[in-house]
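Good morning, and thank you for coming. I would ask you to keep the sequence and the structure in view while I speak.

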Amino acid sequence: MRAIPFLIAAMLVSGCASSPTVQSQKYAKLSTQQTLEDPMEKVYPAVEEALRNIHVAERDPEEKPNPVEMRGLTEASWQTDWVYSQSQNKYIEYKVNGFPRKKYLQLRVKYHVVAKTEIGGTHVEINTQEEVERLAKDGTPDGWDSAGEPDTALGRKMLDQVAKNILAAAP
């Protein structure tokens, strides 16, 4: 009876060992936060536009504020559902006929955007939660694992889109 926990632990360890090890390209870290020199009245719709094609699971406030409420709004946040794509920096290495190969993994990301008013504008911070698809030895999908260190390029790209949306809306 006491051997059962040890057998379960051994199976879990051996199961993890059968999956190839995920590696990451070493790219420079990019800033995923910035104070935009615009009021919340311009930043809020710019964030909404950047998230237009992504399912937003949670937002605070829940409904888009009317113009009067927008003037009094000092903080807003958005949490997306999973967005699926191929990773640009997470991969596994394997060999075919003795020659090394890389396979970039499927990635899923949740964006958490927070906008807060401050002196001089609105501070926007974009954090990501990432998971990579685990592959079995035969290359078939085998669930999802935390991606570890997030790819800051994803958050930066979203932040740049918010800034572009503000400029595009300017008269």
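I will go from the overall fold to the strands, then to the core and the helices, and finally to some individual residues.

Please bear in mind throughout that this is a predicted model. The chain has 171 residues, and 32% of them are buried. There are 4 helices and 8 strands. Along the sequence these elements follow the order α-β-β-α-β-α-β-β-β-β-β-α. Of the contacts with a separation of 6 or more, 63% are between residues 24 or more positions apart.

Strand 6 and strand 7 are antiparallel and are joined by 12 bridges. Within this pairing, Val 113 stands opposite Ile 126 of strand 7. The two strands form a hairpin with 2 residues between them, and Gly 120 there has a positive phi near 95°.

Strand 7 also pairs with strand 2, again in the antiparallel sense, over 4 bridges. Here Leu 36 is found opposite Thr 122 of strand 7.

Strand 8, which covers residues 141-146, runs antiparallel to strand 7 and is joined to strand 7 by 4 bridges.

I come now to the interior. In soluble globular proteins, nonpolar side chains tend to be buried together. The largest nonpolar core of this model has 31 residues, and Leu 51, Trp 78 and Val 124 touch the most other members. As for Leu 51, and leaving aside neighbours within four places in sequence, its contacts are Val 56, Trp 78, Thr 80, Val 113 and Met 158.

Next, the packing of two helices. Two packed helices are described by the angle between their axes and the distance between the axes. For helix 2 and helix 4, the angle is about 125° and the axes are 8 Å apart. Helix 2 is therefore oblique to helix 4. Their crossing is right-handed. On the helix 2 side, the residues that meet helix 4 are Lys 42, Val 43, Ala 46, Val 47, Glu 49 and Ala 50; on the helix 4 side they are Met 158, Gln 161, Val 162, Asn 165 and Ile 166.

Thr 32 lies in the loop between strand 1 (23-24) and strand 2 (33-36). With a relative accessible area of 16%, Thr 32 is buried, because the limit for that class is under 20%. Not counting residues up to four places away in sequence, the residues touched by Thr 32 are Val 124, Glu 125, Ile 126, Thr 152, Gly 155, Arg 156 and Leu 159.

Arg 59 belongs to strand 3, residues 56-60, and is partly exposed, at 27% relative accessible area. Beyond residues up to four places away in sequence, Arg 59 touches Tyr 44, Glu 48, Ser 77 and Trp 78. The C-alpha atoms of Arg 59 and Thr 80 are 8.6 Å from each other, although the two residues are 21 apart along the chain.

Finally, a word on the backbone. Most residues other than glycine have a negative phi, and most peptide bonds are trans. The bond from Asp 60 to Pro 61, however, is cis, with omega near 5°. Pro 61 itself sits in the loop between strand 3 and helix 3 (67-72). Asn 97, which is not a glycine, has a positive phi of about 55°. This asparagine, Asn 97, is in the loop between strand 5 (83-96) and strand 6, and is exposed, with a relative accessible area of 72%.

That concludes my presentation. Thank you for your attention.

Definitions and conventions:
Residues numbered from 1 in each chain as written. Predicted model: local features only at pLDDT ≥ 70, side-chain atom pairs only at ≥ 80, totals over all residues. Heavy atoms only, no water. Core = buried A, V, L, I, M, F, W, Y, C linked by side-chain atoms within 4.5 Å. Buried < 20%, exposed > 50% of the residue type's maximum accessible area, 1.4 Å probe, protein only. Contact = heavy atoms within 4.5 Å. Pairing = 2+ DSSP bridges. Axes fitted to C-alpha atoms, helices over the stretch in contact; angles between N-to-C directions. Parallel < 35°, antiparallel > 145°, perpendicular 65-115°, else oblique. Left-handed = near helix turned anticlockwise from the far one by under 90°.
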